[in-house]
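This report concerns the arrangement of helices and strands in one model. Please consult the sequence and the structure shown here.

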Amino acid sequence: MNILFVGFGNIAERHFQSIISLKLDINYYILDKNLSRAKKVKEKYNILKIKTFSNFYEIKKTKFFLVIDSTTANKRYFTLNKIKELKPKHVLVEKILENSVKNLNLMRKKNYKNFYINFPFRMINVFNILKKKLNFREIKLFKVYAINWNLSSNSIHYIDLFSQIMKKNPISIHTENLKQFNSKRQGYIEYSGKIIANLNTMQ
C-alpha cells in the first residue's frame with residue numbers, strides 16, 4: 001500500500017504518527033520542497049519505507065491508496081489538481097480548503113471524487129455519545145466560546161459538528177464584530193469576533 005503526504009509540517013506528522021501506529025505494510029512517500037523535514041522524520045521514526053520527493057513529476061507513475069494534503073490554502077487549487085492527476089483511491093485534505101473565492105468556484109466545476117476535508121470532531125467519542133443522546137432533538141442555540149483560537153480556521157469544526165449532530169445543513173452564515181489581525185504565520189491573516197450559522201433540515 002502506498003501513502004503520499006503532500007506537504008510535511010506539524011499536521012502531516014500527526015497524521016503520519018497515527019498511520020504508523022496501525023503497523024500495516026505501507027510504503028510512505030513524502031513530497032515537500034523542504035526535504036530536510038522529511039529526512040528528519042525518517043531518522044526520528046527509524047522507518048526504511050520512506051521515499052522523499054520535491055515535485056509531482058517524480059511520482060507521476062506511482063499508484064496511491066491514500067494522499068494526505070497538508071499544504072497551505074493559498075496554493076490549494078493548484079495542488080489538488082496535481083493530486084487529481086495521480087488518480088489516487090482516496091484523498092484527505094486539511095482545511096482551510098482554499099483562500100481564494102475565485103478558486104473555490106473553479107473547484108466546484110471539477111469532479112474531485114473521493115476527496116475528503118478533514119473534520120476529526122465527527123470521530124471523537126464524546127460527540128458521538130452526545131449525538132445518540134440527543135437523537136436529533138431540536139437545539140435552539142449552540143454556542144462556542146474561545147480566546148485566541150484562530151476563529152477563521154477552527155470555527156468550521158463546530159459548524160460541521162453541530163450540522164452532524166442535528167442532521168441539518170447550514171443555510172446562512174454571517175458575522176458580527178469581526179476584527180482582522182496578522183496571523184502568527186507570515187503572510188496570513190486572522191479574525192476575532194463572532195460567526196453565526198443557521199441550519200436547515202437535510203433533505
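The model is predicted: local features need pLDDT of at least 70, side-chain atom pairs count only at pLDDT 80 or more, and totals for chains, interfaces and linings use all residues. Residues are numbered from 1 along each chain as its sequence is written, and side-chain values use heavy atoms, with hydrogens and water left out.

An open sheet of 6 strands has the order β3-β2-β1-β4-β5-β6, with parallel pairing. At its edges stand β3 (50-53) and β6 (115-117), each with a single partner strand, so one side of each has no neighbour in the sheet. On average, neighbouring strands are turned by 20° against each other, direction ignored. Strand β2 (residues 27-31) runs parallel to β3 and is joined to it by 4 bridges; Ile50 in β3 is the bridge partner of Tyr28. Strands pair if DSSP finds at least two bridges between them; helices (H or I, at least four residues) and strands (E, at least two) are DSSP runs.

| Helix | Strands crossed | Angle |

Angles run from 0 to 180 degrees between N-to-C directions of axes fitted to C-alpha atoms, for helices over the stretch in contact.

The axes of α1 (residues 10-20) and α2 (residues 35-45) come within 12 Å and cross at roughly 30°. Glu13, Phe16, Gln17 and Ile20 of α1 make the contact (heavy atoms within 4.5 Å) with Val41, Lys44 and Tyr45 of α2.
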